[in-house]
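Have the model open as you read.

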Amino acid sequence: MQVQNVGGAAVATASGADSGGDSGVDDDYDQENDAHHVIQPQTDTEEASTDTDEGYADSDASSFLSSILSEVRRGIEIEGRLYPSYGKHDYGMPIDEKEMDRNDLQHHKYHLLLKDRLFVAPIPDDQLNTGNSRILDLGTGTGIWAMDMADKYPSAQIVGVDIAATQPPFVPPNCTFEIEDVEEDWPYRNAHFDFIHGRDLMTAVRDWPRLLAQAYTCLKPGGWIQLCSTIPGALSDDASIPANSGYVESGRLYFEIAEKMGAPLDAPRNWATQMHAAGFTNVQDEVHKLPMGPWPRSKRLRTVGRMEQIMILDGGFEAYMLRGYTQVLGGRPEDLQATLTHAKREVRDPSIHTYVQYWITYAMKPFEK
Ligand SMILES: C[S@@+](CC[C@H](N)C(=O)[O-])C[C@H]1O[C@@H](n2cnc3c(N)ncnc32)[C@H](O)[C@@H]1O
């Protein structure tokens, strides 16, 4: 099944030619961490987890679909933030308006960091702009990257997938959004896409080798994958991080949360090895310094640093850590706030010059194997 997000509302579609969906896609999914869904018990989910597409009478199928659609739309509220209720595993970050604003700010920040490029993989423009070009954006969020790609490559078809229906109603005609869990079996045909992109999927993906194997299968020979993510450990080249740093401590807690969720934050360091193992060629890491605050000399990086600082001070820390701190580590929100208050003081301090790594790994599926 695919649930297509049309006009901001998720609607069901048959696996379609556009997305290259195979027929008979597995509909069942299991909410492995159901116990965490404490705010709204997921009775629909339990029902869904025991059923499959096979043997469904039409009326059963439509009630199954409505239960999935209502689940996708409902979300789970934790400590005043909304989290997705659809998907095999719990995702650590919210999907509410505030998070959508943060995602859009992140997009502009990364665009500037990459000198106005939407990706760095050396993909020839004409490969992405034939009437046959297809691009997949994993965990598309607000769909801002997918829509910018659709504008830049008007002959390509862009598909953005996410477990949450957080994409806008008005989109370029060559851009569609679908509700899919990228950790499940992908519903796309073999050798279908020219480019598969995934950005900032922290605490979203547990099994990168499986994701890469599916990407390999779904890419055309000569097609490219690019994964990108911040690795949120504070670094400094001038030893300006104070002893007993609250910022470092908040990073340590975030790493601990993600590790316990089974989605370690340093996963990007393994992408290149995993891409080689999956059969990709032309594998390349590109690691950028993403400054915190307007301390760099370069005007461009000063702006990037200011955006990073605003993002973090305006709820970024909480977006990353609140669910995990309370539900995974069992901590109290007020204790997290105490650490974050300390961390935010350092983030504002112009004498502290930190950065995090923005990790990009790209690779190509070989023409012949
Ligand atoms: C931090 S946001 C990044 C959004 C977008 N990639 C960007 O860079 O603007 C991560 C997104 O991944 C989505 N997500 C999390 N787990 C997912 C999964 N298993 N399958 C598909 N999307 C997922 C979330 O709902 C969220 O929209």
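Thr 230 stands opposite Tyr 358 in strand 11. Helices (H or I, at least four residues) and strands (E, at least two) are DSSP runs, numbered from the N terminus. This is a predicted model, in which local features need pLDDT of at least 70, side-chain atom pairs count only at pLDDT 80 or more, and totals for chains, interfaces and linings use all residues. Residue numbers start from 1 along each chain as its sequence is written.

Strand 11 covers residues 354-364, and strand 9 (residues 219-235) pairs with strand 11 in the antiparallel sense over nine bridges. Pairing here takes at least two DSSP bridges between two strands. Strand 10 (residues 281-292) also runs antiparallel to strand 11, joined by 10 bridges; Met 292 has Thr 354 as its bridge partner there. Nine of the 11 residues of strand 11 are buried, meaning that 20 or more other C-beta atoms, placed from the backbone, lie within 10 Å of the residue's own.

Now turn to the largest nonpolar core, which has 88 residues. Such a core is a set of buried Ala, Val, Leu, Ile, Met, Phe, Trp, Tyr and Cys residues joined through C-beta atoms within 7 Å. Helix 8 (residues 299-328) gives the most to this core, with 10 residues. Among the residues with the most contacts inside the core are Ile 196, Ala 215 and Ile 225. Leaving out residues up to four places away in sequence, Ala 215 touches Ile 196 and Ile 225, where contact means C-beta atoms, placed from the backbone, within 7 Å.

Finally, the chain as a whole: buried residues make up 45% of its 369 residues.

Technical notes: Buried ≥ 20, exposed ≤ 12 C-beta atoms within 10 Å, placed from the backbone. Contact = placed C-beta atoms within 7 Å.
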